[in-house]
Amino acid sequence: SRFSTNASMSSSKFVKEGSYWKRIIKNVREKPIEYATVPAVAAFVGISTNYCGVQMLFYPIEYFGSSLKRFENAPYGLFGWQGVVPARTKKMALRLVDIVTRDLLSLREAFGNLDAGEFADLMCQPVEDAIREECGNTWGVILKPALPFILRRVVRKLQGEIEEVLDLPTMVLGAFCRDKEVLVELFQKVGRVELNFLVESGFGFGFLLGLGQMALWAIHPRAWTLPVAGSLVGYVTNWIAIKLLFEPAEPVALGPLTIQGLFESRQKEVSEEFAHFMESRVLSSDMLLDALSNQNEDELFIFLRKQLPYPVPEAVIRAAISAIRNVAANPKEHEEIHAYVTKHLDIEETLSSRLKLLTPANFENLLHPVFQEDEIILIVVGGILGAVAGLVQTSVAFTGPNSRAKAMTMLISSLLGSAAFFMLSDDGNIPDEECKKKHYDAVIDHKPAHIRRKITIVRPTKDA
């Protein structure tokens, strides 16, 4: 009958499954060291391939390899590689510029925080010195009594027209494109928790998948088993880790727990890190004044010419621009001016507070483009390295004379190698002192709060 046939099929399936388990247990007991190498090597493959993938995102800064064939707008050549971020600096920087200038920062609002009288008084002496030096003492004597009033009027007018005089998008884009390491450091600093997770999770995911790989070898010990399974381990560990970084973007409640992408769940901390980096490395007082007097010198001259009557010669206006340029180039000599500008523009707090208000979907655009550009390359590299490890494992640990001794060596080597990659991952963090700008930091009244980072992909719903 149909019932007896179905019962017979279920019984045979159960017996077959039971025989699989018995075969796995029997084989593992007979060669425990050899089989222990499978999850150990898989864990090593997971962490090592993820580490290599992270390094390939950022290094080398310049293309390394044969220039015989370079592919346009790609980090790779026929026989060479350049880090994904350095290779696509302009494209990634344009995205950041769009976020900063569209959603986060208004120059008119920022410069409106300056007190025209106070800032003019601070600039009086540098401007007077420049006029005396470039135009002679006569003009210095003539203008000195009126200079404070002239500068206050000019500053007030500049506050209203700053966006026509200073090109913020070009300034920010130029800061990243002139020195590719600035963009690399930005992504490494604000995303270091995610990058560490990407590397270190490879060990755990690799080990779990390695247990399945071990069971498969125990059931079907064929020459292709470990290479194919190893390729799958290398591919899947990279894929899973990248997915967990950004998905789901919005918090999803599952009973008492809430699941959210790691990067989005750290929006508050990342906002503070990003704002501090941008204020100190890209939008500092000296860089803003430098852009105003160098990058936008023509626009500034036209603006000043409109504000000053024509009896004032062009040389005097050029001298005033030189004064701004000198203040920008020598911040240690003009510490009070830079401290004042930094404090009152308050760029760090402005960026931080507005980043925290972005939706998670918009917020992830800060870091996700780094992985989106060549995500498939990094995943495929993991698969290739996993297949190579499987081939080595098959030929060393399970075949030939002294296989147990060789398996023990491979086991110990894999564990030590994994430990080394854990240490490399920790050392890859950029210390705060190394992230300080390479030029002078003007004195400011506050420091960013210490941030305690946690892996928070899953958290209690009440904390969401």
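Visitor: How many helices and how many strands are there in the chain?
Guide: Welcome! This is a predicted model. Helices and strands are both present in the chain, and the counts are 24 helices and five strands.

Visitor: What share of the residues in the chain is buried?
Guide: A residue counts as buried when its relative accessible area is under 20%. The chain has 464 residues, and the buried ones make up 50%.

Visitor: Among contacts between residues at least 6 apart in sequence, what percentage joins residues at least 24 apart?
Guide: A contact here means heavy atoms within 4.5 Å. Taking the contacts in the chain between residues at least 6 apart in sequence, the part that joins residues at least 24 apart is 80%.

Visitor: How are helix H15 and helix H16 oriented where they pack?
Guide: Helix H15 covers residues 285-295 and helix H16 covers residues 297-307. Their axes are 5 Å apart and the packing angle is about 80 degrees. Angles of 65 to 115 degrees count as roughly perpendicular, so H15 and H16 are roughly perpendicular.

Visitor: Which residues of H16 make that contact, and which of H15?
Guide: On the H15 side, the contact uses Leu-292, Ser-293, Asn-294 and Gln-295. By type, the residues of the contact of H15 with H16 divide into two nonpolar, three polar and two charged. From H16 come Glu-297, Glu-299 and Leu-300.

Visitor: How many aromatic pairs does the structure hold, and is the pair of Phe-119 and Tyr-340 stacked or edge-to-face?
Guide: The structure holds six aromatic pairs. In the pair of Phe-119 and Tyr-340, the ring centres are 6.5 Å apart and the planes are at 15 degrees. Planes under 30 degrees apart count as stacked, so this pair is stacked.

Visitor: How many residues apart in sequence are the parts that this pair of Phe-119 and Tyr-340 ties together?
Guide: Phe-119 lies in helix H6 (residues 116-135), while Tyr-340 lies in helix H18 (residues 335-345). Phe-119 is buried at a relative accessible area of 12%, and Tyr-340 is buried too, at 8%. The pair therefore ties together parts whose separation in sequence is 221 residues.

Visitor: What about Phe-263 and Phe-363: are their rings stacked or tilted?
Guide: Phe-263 is in helix H13 (residues 262-265) and Phe-363 is in helix H20 (residues 360-363), so the pair links distant parts of the chain, 100 residues apart. Phe-263 has a relative accessible area of 0%, and Phe-363 likewise has 0%, so both are buried. With centres 5.0 Å apart and planes at 15 degrees, the rings are stacked.

Visitor: How far from the C-alpha atom of Phe-363 is that of Val-270?
Guide: Phe-363 touches several residues beyond four places away in sequence, including Gln-267, Val-270, Ser-271 and Leu-355. Val-270 and Phe-363 are 93 residues apart along the chain. Their C-alpha atoms are separated by 9.7 Å.

Visitor: Is Glu-279 buried or exposed?
Guide: Glu-279 lies in helix H14 (residues 267-281). Leaving out residues up to four places away in sequence, Glu-279 touches Ser-284, Thr-342, Ile-347 and Glu-348. The relative accessibility of Glu-279 is 10%, so Glu-279 counts as buried.

Note on methods:
Residues are numbered from 1 along each chain as its sequence is written. This is a predicted model: local features need pLDDT of at least 70, side-chain atom pairs count only at pLDDT 80 or more; totals for chains, interfaces and linings use all residues. Side-chain values use heavy atoms; hydrogens and water are left out. Helices (H or I, at least four residues) and strands (E, at least two) are DSSP runs, numbered from the N terminus. Buried means under 20% relative accessible area, exposed over 50%, partly exposed in between (1.4 Å probe, protein chains only). Axes are lines fitted to C-alpha atoms, for helices over the stretch in contact, and angles run from 0 to 180 degrees between N-to-C directions. Angles under 35 degrees count as roughly parallel, over 145 as roughly antiparallel, 65 to 115 as roughly perpendicular and the rest as oblique. Ala, Val, Leu, Ile, Met, Phe, Trp, Tyr, Cys and Pro count as nonpolar, Asp, Glu, Lys and Arg as charged, and the others, Gly among them, as polar. Rings of Phe, Tyr and Trp (its six-membered ring) pair if their centres lie within 6.5 Å; planes under 30 degrees apart count as stacked, over 60 as edge-to-face and the rest as tilted.
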